[in-house]
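We will go stop by stop.

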Amino acid sequence: MSIALAVQLTVKVFKFPCCTGKKMNNSGLLTAKRNPVPLKSIEVELQVRDHVATVVSTLNYENKEDKPVEAVFVFPLPGDAAVCHFSAKVGQTHIVAEVKEKQQAREEYDDALSSGQQAFLLEESDQSPDIFSLSVGSLPPGESASIRLEYVTELAVQADDGLRFCLPAVLNPRYQPQGSEDVSVQVTSVPASLVPYSLSFSARVSSPRPVSKVESSCSLEPLQHLNTDQTQAMVKLAAGHKFDRDVELLIYYKDAHQPTAVVEAGQASAKPGTLMGDPVVMLSLYPEFPKSVMSSLTSCGEFVFLMDRSGSMDYRMRNGQSRIDSAKDTLLLLLKSLPMGCYFNIYSFGYRFEQIFPKSVEYNQQTMQEALKKVEMMFSDLGGTEILRPLEDIYSKPCIISHPRQLFVFTDGEVRNTKEVIDLVKKNAGSHRCFSFGIGEGVSSALINGMAKEGGGHAQFITRTDRMQPKVMQSLKFALHPFVADISVAWDLPKGVSATLLSPPVSALFQGQRSLIYAQLTGKSSKEAEGSVTVKYSLAGQPSQNQLHFNLKPAEDTGLTIHRLGARALIRSLEMEERKICNRDKTKVVQLSVQSGVSSSFTAFIAVNKTNSQAIQGPLVRRNVPTASLNYHYAPLKSKVSPRSQDIFASLRSNGRPKPGKQYDYAALMPDDRARRGIQYDYAALIPDDRARSAGWVGCSVLRSSESENTYEQLRSGRCATSSDEKCYSTLRSSELKRSSLCDQSSHTLVSGSVCFTTAPSQKGKSATGQFSQMKKKLFDWLKTPKTSLDTENAAKFQPTEWDVHTKLAGAVPTQSYRDPLLQLVSLQEASGCWLLNAALAAIVEKNIEDMTRSKPAKVSEEVWATVLALVWLYGFKISAKEEWDLLALKAALWLHPQDAPFAECVEAGNSLLGCSVQKDDLGL
């Protein structure tokens with residue numbers, strides 16, 4: 001569990017006598033404002049049983065001040081977690097919280113503090129179920145306390161059969177759309193290196209099957225098996241976690257996942273006929289579809305891609321690539337893998353949204369090329385994360401007959417109106433499927449999982465250690481497989497026993513992907529009785545079914561885990577219905593939450609320490625502890641982009657010039673509150689290099705200014721900077737231009753269009769700014785010279801400005817100095833699936849075009865030969881990345897099939913030319 005609180009000080013003065021005790025030494029952890037931080041450490045214990053996890057978090061803190069403290073913590077949890085226990089230990093006193101209606105719990109908490117009692121309050125955010133707020137009231141001077149929080153959750157199955165557990169350790173600021181409010185959650189973050197508390201984490205895994213390995217994006221101690229058959233294992237997080245990423249575990253069992261059913265006995269003290277008093281069954285289904293059906297891919301569909309272009313998408317992933325650049329590469333693969341004849345469109349969003357086409361268009365060579373050109377010009381320059389409006393626009397467009405709509409959403413999930421977004425997806429679930437992708441650390445699991453679940457699709461998370469492309473391509477395969485329709489569940493149970501579904505009806509089934517069903521079993525049966533459940537559905541127009549038999553005898557040592565997960569599933573369903581029907585089911589949700597002990601958006605955990613007869617005295621000081629954030633340098637949560645700032649963004653996108661005499665709001669585009677205080681910065685220093693260079697905001701990356709480095713480093717460290725010449729962030733990345741063929745390093749020549757601008761190499765005693773000015777002056781003179789008849793005609797009207805100079809210089813710098821050869825090859829594929837025989841293909845396979853032409857078998861067309869060579873290269877050199885390119889390879893093979901060509905001869909010739917040993921059958925020919 002991570003902690004995220006605003007750095008502020010609020011004093012509540014009650015009518016108590018001043019504390020007369022000895023003044024405490026204010027030593028220990030401090031916030032950025034030198035206020036002591038009461039939190040000292042967080043201890044997390046994870047228990048995994050097959051694919052269900054129980055998490056116990058203990059927060060240890062101490063008040064080292066000379067006055068009572070109210071500590072308020074805001075932290076993320078998994079969006080599907082069922083919080084089922086909350087308690088506090090102060091000294092020798094152990095206080096267990098109760099679940100009560102939220103407003104009642106808040107009033108009891110406030111009343112307790114007003115009367116000098118200790119109280120503890122835990123509540124879920126009204127806007128997002130993955131954010132919680134914990135208030136610890138009246139911790140006396142010198143006193144320590146431990147808070148225990150427990151929740152249960154299911155582990156998601158990954159493409160490689162691993163089970164994913166994620167402990168959120170990062171809470172990035174979430175964008176607050178205009179008009180929506182959630183006053184209960186106020187989050188201010190600090191860089192990961194400044195988090196003033198420690199984290200320890202241990203995991204114990206048990207399963208009927210051997211545990212083969214546990215992997216993580218964090219440093220782990222070696223895996224320890226606890227028994228000879230290796231069905232139990234333990235692993236710990238290495239000391240010194242930096243809070244720069246979520247704690248993610250991938251757990252692998254030696255045998256593939258199989259359908260299972262677990263029956264859990266009801267609580268002995270609960271009344272029979274109630275959820276907690278009756279047995280509950282959890283069914284884990286892994287549907288297997290006929291291979292003949294799954295080998296075929298549909299050639300129809302409307303594919304809509306929704307891309308996040310908010311400022312936080314500039315954050316760098318571990319491979320050095322920004323989130324937005326990784327997403328753009330993924331869009332390239334997606335567009336190349338689409339089938340001919342389908343329809344597609346691409347939306348992008350920030351504080352506003354854009355779309356490439358007014359409506360979805362048919363996929364062909366022309367529309368694909370047009371889309372790719374516009375994708376290349378996408379940058380994370382659209383401000384905040386307003387995802388609701390583009391979704392509304394997408395759903396407002398009529399669906400295309402015989403082309404089912406498939407929506408792919410790419411976002412870092414930094415929004416606050418999570419429930420509103422999920423409700424909109426559910427409302428339109430009948431007209432589309434939604435596949436969601438959470439990018440980076442701190443992404444909202446509630447948003448990503450919720451959109452996919454309610455949209456009948458599949459959710460994927462891409463963290464800093466992952467490549468985005470394989471996960472996205474897996475989801476595209478799901479979308480291209482025949483649609484599973486008319487899903488129903490039938491129970492066969494002993495006489496007198498009935499099943500009541502707790503989880504929502506199954507809305508989507510995918511090959512090899514788990515579907516969970518929770519049901520309450522009412523009635524009596526013998527211990528040896530058996531039952532079965534049958535899932536019926538229509539696949540490719542044919543009726544199909546999967547059946548699972550199970551024993552009704554309750555499992556041992558499961559506690560109430562399955563009951564709580566079932567209660568959580570039912571609570572979420574009722575909450576969604578309540579939002580749609582307006583408070584109709586609120587009472588039922590509260591009753592179910594109180595009965596099961598599982599939190600909801602309408603309830604909260606409240607505990608009051610009534611054992612202390614003496615009231616706590618003195619002014620109560622509120623302390624908020626900061627959390628780790630990877631995007632802390634972006635604009636504040638509720639910042640709004642002014643119309644003047646929108647003009648600047650428009651200029652960035654169009655490579656135009658500012659309008660003469662018009663004022664621009666530079667401050668609104670700057671990071672955090674330094675801009676609001678009126679400190680002036682060169683905006684070019686604040687934009688990431690790729691966007692700045694291609695948009696025309698910066699000068700030449702060949703030359704390096706020490707002032708530029710100072711500006712950026714000061715901004716990163718939180719210190720103020722003053723405006724000065726040539727503070728361009730992109731100068732920090734001068735090495736990228738030096739790798740480019742457009743830069744002659746010996747003469748520092750920069751090519752722009754048909755003219756070269758040259759400055760002498762940097763000399764001792766001569767500033768980089770001076771050299772830059774020389775180059776700028778040459779370009780200024782060049783701009784004044786008419787180049788066309790139109791320029792001559794308008795010469796009197798046009799007076800070049802420094803904006804034009806920066807634009808021209810920036811335009812000469814390539815936006816991407818290197819691209820993976822695989823992506824280069826993919827970019828050359830035609831929409832039909834074939835490749836062309838040209839110099840670009842020759843460069844990728846590292847052969848000259850003459851040798852490639854001479855090696856071509858007789859009577860084989862150049863397109864067939866080039867396509868076979870591309871496939872041989874893929875299977876010969878990029879087989880490890882097959883999951884990324886196998887769809888476009890299948891597309892190429894489908895294009896080759898009707899061609900009249902000797903494929904065996906072509907493959908043999910391709911092997912000889914490229915030095916491979918690929919078989920013709922490998923290529924699907």
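Buried means under 20% relative accessible area, exposed means over 50%, and partly exposed lies in between (1.4 Å probe, protein chains only). Keep that in mind for F435 and F510, which are both buried.

**Before you start**

This is a predicted model: local features need pLDDT of at least 70, side-chain atom pairs count only at pLDDT 80 or more, and totals for chains, interfaces and linings use all residues. Residues are numbered from 1 along each chain as its sequence is written, and side-chain values use heavy atoms, with hydrogens and water left out.

**Stop 1: confidence**

Colour by pLDDT, the predictor's confidence in each residue, from 0 to 100. The chain averages 76, and 71% of the residues score at least 70. Now select residues 1-32. Here pLDDT stays under 50, and the model has 108 contacts beyond four places in sequence. Contact means heavy atoms within 4.5 Å. Go on to residues 782-818. pLDDT stays under 50 there too, with 69 contacts beyond four places in sequence. Where pLDDT is low, the predicted coordinates should not be read in detail.

**Stop 2: strand 9**

Select residues 131-139, which are strand 9. Helices (H or I, at least four residues) and strands (E, at least two) are DSSP runs, numbered from the N terminus. Nine of the nine residues of strand 9 are buried, so the strand is largely enclosed by the rest of the structure.

Which strands pair with strand 9? Two strands pair if DSSP finds at least two bridges between them. Strand 4 (residues 69-76) runs antiparallel to strand 9, joined by seven bridges. Find V72 and its bridge partner S135. Strand 8 (residues 118-124) also pairs with strand 9 in the antiparallel sense, over six bridges. E124 stands opposite F132. A hairpin of six residues links strand 8 to strand 9.

**Stop 3**

Show strands 28, 31 and 32. They form an open sheet in the order 28-31-32, with antiparallel pairing. Strand 28 (484-492) and strand 32 (542-551) stand at the edges, each with a single partner strand, so one side of each is left without a neighbour in the sheet. Strand 31 (residues 530-539) is joined to strand 28 by seven bridges. Zoom in on D492, whose bridge partner is S532.

**Stop 4: the nonpolar cores**

A nonpolar core is a set of buried Ala, Val, Leu, Ile, Met, Phe, Trp, Tyr and Cys residues joined through side-chain atoms within 4.5 Å. The largest has 85 residues, of which F303, F305 and F410 touch the most other members. Helix 22 (residues 862-877) gives the most to this core, with 11 residues. A second, separate core has 57 residues, including V55, V195, V211 and L249. Centre on F305. Among the residues it touches are L331, L334, I346, F408 and F410.

**Stop 5: aromatic pairs**

Rings of Phe, Tyr and Trp (its six-membered ring) pair if their centres lie within 6.5 Å; planes under 30 degrees apart count as stacked, over 60 as edge-to-face and the rest as tilted. The whole structure holds 16 such pairs. Select F344 and F357. They are edge-to-face, 5.6 Å centre to centre, with 85° between the planes. Both F344 and F357 are buried.

Return to F435 and F510. Their ring centres are 6.0 Å apart and their planes at 55°, so the pair is tilted. F435 lies in strand 26 (residues 432-439) and F510 in the loop between strand 29 (498-501) and strand 30 (515-522), so the pair ties together parts that are 75 residues apart in sequence. Finish by selecting F305, F408, F410, F435, F437, F478 and F510, which form one aromatic cluster.
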